[in-house]
Amino acid sequence: MKPTSIKLTAILCLGILCFACKEQTKTPETPKVINEIKADVAVSKAADIPKAVMDSLIAHPPKGMVWIPSGTFMQGAVAQDKEAMGHEKPQHPVSVDGFFMDVTEVTNAAFKAFVDATGYVTVAERKIDWELMKKQLPEGTPKPHDTVLQPGSLMFKKTAASLPNLYDFSQWWRWTIGANWKHPSGKNSSIVNKMDYPVVHVSFEDAKAYCKWAGKRLPTEAEWEYAARGRMKNTTYLWGDDNSKLAKWTNSWEGEFPVNNTLNDGYERSAPVKTYLPNSFGLYEMSGNVWEITKDWYNTNYYEELTASGAIIDNPKGASKPFNPNNPLVEEIVIKGGSFLCSDSYCASYRLSSRMGNSTDSSSEHVGFRAVVTPSMLLK
């Protein structure tokens, strides 16, 4: 694809998003499966905290959060998942210490409280730095006109007809000047009646800033997937393996993507938090609605490197550096959970093992986040 000035801007700031819907790596042999999550509801192994103190913390979690007990699980694509992609494999055993997690995605109301208290300005609201942006592009890429290089974010657009090629993302994304967390559908839109919707058009930097203010942090990819699985066994989805139950559990794209959405789940774009059924840990919308930012670098080789020893990995912190052969000039972090745009006819990223790389400085209307906090953080 040869980008024109407008398409270029979308692709630049797109650093994005949907490369995970391509096959990423050759599939290695999958190790023996741990048949269920083994959870210890009483302790957090990482912190030397007296039992009485831990019991009190668990009994009185931070507002809007739930305790996720420590345990061991199999991270990555399950054997029966026919939609799984190479970068979700091989499945590997991981041990995770206990932590508290936001019950819902961070809402517009919560993010507004942060901005009101700090005066923070999100990446989507800032002047675009062409000198910084062009470092992520092939040498010699022409600069778009200044009227295009204006603060904004990525918005989804339906197509008028079926698409023969679903790898050209510019067909359904547009760079929208004035789109940001306060104006989620463009400069004339508002969040006045959407305070209980997940905040979107936020970048990795924005999410980290919120977490620092709130005394929390972003989850690791392993923590996120462990929490999403809840107490389920080795399943494709957070409710099991039956995708006929999708509409009760997930805000996704139903119908032909990106032409027609049947709205079987009630929403075409994002939905208010707590709209769909919670998982067995009491977490809402861990599947679909909006992608959720984690703290880990996205590296297509990471799972293979992680499983080389064959041992259970204790609290993995993600790859040491980002790497994506399809997007080599951009630093990406892992996002999880899929969004309202995920379709079984495209990439079905509402699956538990689904993962995607997202540029650290990009934002869009289908990416948000939730935060975690550990017992040791609460006791500082």
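Lys-112 is partly exposed, with a relative accessible area of 32%; here buried means under 20% relative accessible area, exposed means over 50%, and partly exposed lies in between, as found with a 1.4 Å probe on protein chains only. The model is predicted, so local features need pLDDT of at least 70 and side-chain atom pairs count only at pLDDT 80 or more, while totals for chains, interfaces and linings use all residues. Residues are numbered from 1 along each chain as its sequence is written, and side-chain values use heavy atoms, with hydrogens and water left out.

The partner of Lys-112 is Asp-116, and their side chains meet in a salt bridge with an N to O distance of 2.8 Å. A salt bridge is a side-chain nitrogen of Lys or Arg within 4 Å of a carboxyl oxygen of Asp or Glu. Asp-116 is exposed, at 55% relative accessible area. Both residues belong to helix H3 (residues 108-118), and because they are four residues apart there, about one helical turn separates them. Helices (H or I, at least four residues) and strands (E, at least two) are DSSP runs, numbered from the N terminus.

By the salt-bridge rule, the count comes to 15 salt bridges. Another of these joins the side chains of Arg-351 and Asp-81, at 2.7 Å from N to O. Arg-351 lies in the loop between strand E10 (332-336) and strand E11 (355-359), whereas Asp-81 lies in the loop between strand E3 (70-75) and strand E4 (92-96), so this pair ties together parts that are 270 residues apart in sequence. Both Arg-351 and Asp-81 are buried.

A further salt bridge, 4.0 Å from N to O, is formed by the side chains of Lys-336 and Glu-221. This pair also links distant parts of the chain, for Lys-336 is in strand E10 and Glu-221 in helix H6 (residues 221-229), 115 residues apart. Lys-336 is buried, with a relative accessible area of 0%, and Glu-221 counts as buried at 1%. These two residues belong to a network of salt bridges that links Glu-221, Glu-225, Arg-229, Lys-336 and Arg-355.

The backbone deserves attention next. Most residues other than glycine have a negative phi, and most peptide bonds are trans. Where does this model contain cis peptide bonds? One joins Lys-89 and Pro-90, with omega about -5 degrees, and Pro-90 is found in the loop between E3 and E4. Another runs from Phe-257 to Pro-258, with omega near -5 degrees; Pro-258 is found in the loop between helix H7 (246-249) and strand E8 (291-297).

The loop between H7 and E8 also holds Leu-263 and Glu-285. Leu-263, although not a glycine, has a positive phi near 65 degrees. Glu-285 likewise is not a glycine and has a positive phi of about 55 degrees. Are these residues buried, partly exposed or exposed? Leu-263 is partly exposed, at 38% relative accessible area, while Glu-285 is buried, at 1%.

The strands can now be placed in sheets. Strands of a sheet pair through backbone hydrogen bonds, either parallel or antiparallel. Two strands are taken to pair if DSSP finds at least two bridges between them. An open sheet of four strands has the order E11-E10-E8-E12, with mixed pairing. E11 and strand E12 (367-368) stand at its edges, each with a single partner strand, so one side of each is left without a neighbour in the sheet. E8 and E12 pair in the parallel sense over two bridges, and Glu-292 has Gly-368 in E12 as its bridge partner.

An open sheet of three strands has the order E2-E5-E13, with antiparallel pairing. Its edge strands are strand E2 (65-68) and strand E13 (372-373), each of which pairs on one side only. E2 and strand E5 (residues 99-102) run antiparallel and are joined by four bridges; the bridge partner of Val-66 is Met-101 in E5.

Helix H6 packs on this sheet, touching E2, E5 and E13, and its direction makes about 75 degrees with that of E5. Contact means heavy atoms within 4.5 Å, and angles run from 0 to 180 degrees between N-to-C directions of axes, which are lines fitted to C-alpha atoms, for helices over the stretch in contact. H6 also lies across E8, E10 and E11, running at about 140 degrees to E8.
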